[in-house]
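Let's take a friendly walk through a protein model, one topic at a time. Have the sequence and the 3D view ready.

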Amino acid sequence: MSSQEPDYQVYLNASKVPGFADDPTELACQVVDTKSGEANVRFTVSWYYRMNRRSDDVVTSELLAVMDRDWTLKYGERSKQRAQDGDFIFSKEHIDTFNFRIQRTTEEDRGNYYCVVSAWTKQRNNSWVKSKDVFSKPVNIFWALEELRLGGRDSVLVVKARQPKPFFAAGNTFEMTCKVSSKNIKSPRYSVLITAEKPVGDLSSPNETKYIISLDQDSVVKLENWTDASRVDGVVLEKVQEDEFRYRMYQTQVSDAGLYRCMVTAWSPVRGSLWREAATSLSNPIEIDFQTSGEQGALLNHRWS
């Protein structure tokens, strides 16, 4: 055979890029422009990770895995356990293409990845000798953290409260619905807390805010500071749709006057059955105001923007 060194290029492309934590990542390392006969040359791959540089810190590359010339995989310390758990998958899709897949990408996986393709040349005695290494350019896997509490600016959670029946008589049912919209929060599920801001009588003192009833992200209802024993079933909070909730208060009394809001928290799923708090937002207030004029003590509600 000819002793000429193999001539080829290596390109790394991201066929799947995560937009959020727990999304998959898929990288394809491709050998192109090969000039030598495939029978006498065999290609193997090594995968490397390097975390994103911060200022002038020296960052070393970590070996994720190497595919030997007999296609045996050997794992580095960083990837050994996750490969055993099936979260890291290294494969050879075609004779000239090697793939690396992360089933659920974590925040710690963000950084630069590159592959090194080695050419092994067959000798006259049928042994194989590594003749060349070609490095790909790195691919950066990165996404902005979506939590507002961590300073992310891209997450949006908006809650709008309204009254289907603006006017009704004292003693009747008060009803308020809250519509939720969000952006850049992955697979959100919402929990809702109904709050009531009540005047304390002293104009120089701040109003008192009470928590009435809540509904968690699994739709479990809980009475909060609703302490009226004679009206223990007097408040109901229901999930109407995935993004809409309805609060009802029966047999409304003078003591119920105040400003009512929905406090909504968006939760994103993480591994297993765990949830992560992504954002919290408060709706516009709806006022219940009893007027002293009028024989029947009419109850007047106003929408506040």
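## A buried threonine

Thr 25 is buried, with a relative accessible area of 2%; buried means under 20% and exposed over 50%, with partly exposed in between, using a 1.4 Å probe and protein chains only. Thr 25 belongs to strand S2, residues 25-32. Strands are DSSP runs of E with at least two residues, numbered from the N terminus.

Which residues surround Thr 25? Leaving aside neighbours within four places in sequence, its contacts (heavy atoms within 4.5 Å) include Lys 16, Pro 18, Phe 100 and Ile 141. With Thr 105, the side chain of Thr 25 makes a side-chain polar contact at 2.7 Å. Such a contact is a pair of N or O atoms within 3.5 Å, where one must be able to donate a hydrogen and the other to accept it.

## About the model

This is a predicted model, where local features need pLDDT of at least 70 and side-chain atom pairs need 80 or more, while totals for chains, interfaces and linings use all residues. Residues are numbered from 1 along each chain, and side-chain values use heavy atoms, leaving out hydrogens and water.

## An open sheet

Now look for the open sheet of 4 strands, ordered S11-S13-S18-S17 with antiparallel pairing. Strands S11 (156-162) and S17 (235-241) are its edges, each pairing on one side only.

Within this sheet, 6 bridges join S13 (residues 174-183) to S18 (residues 244-249); two strands pair if DSSP finds at least two bridges between them. Lys 179 stands opposite Glu 244 in S18.
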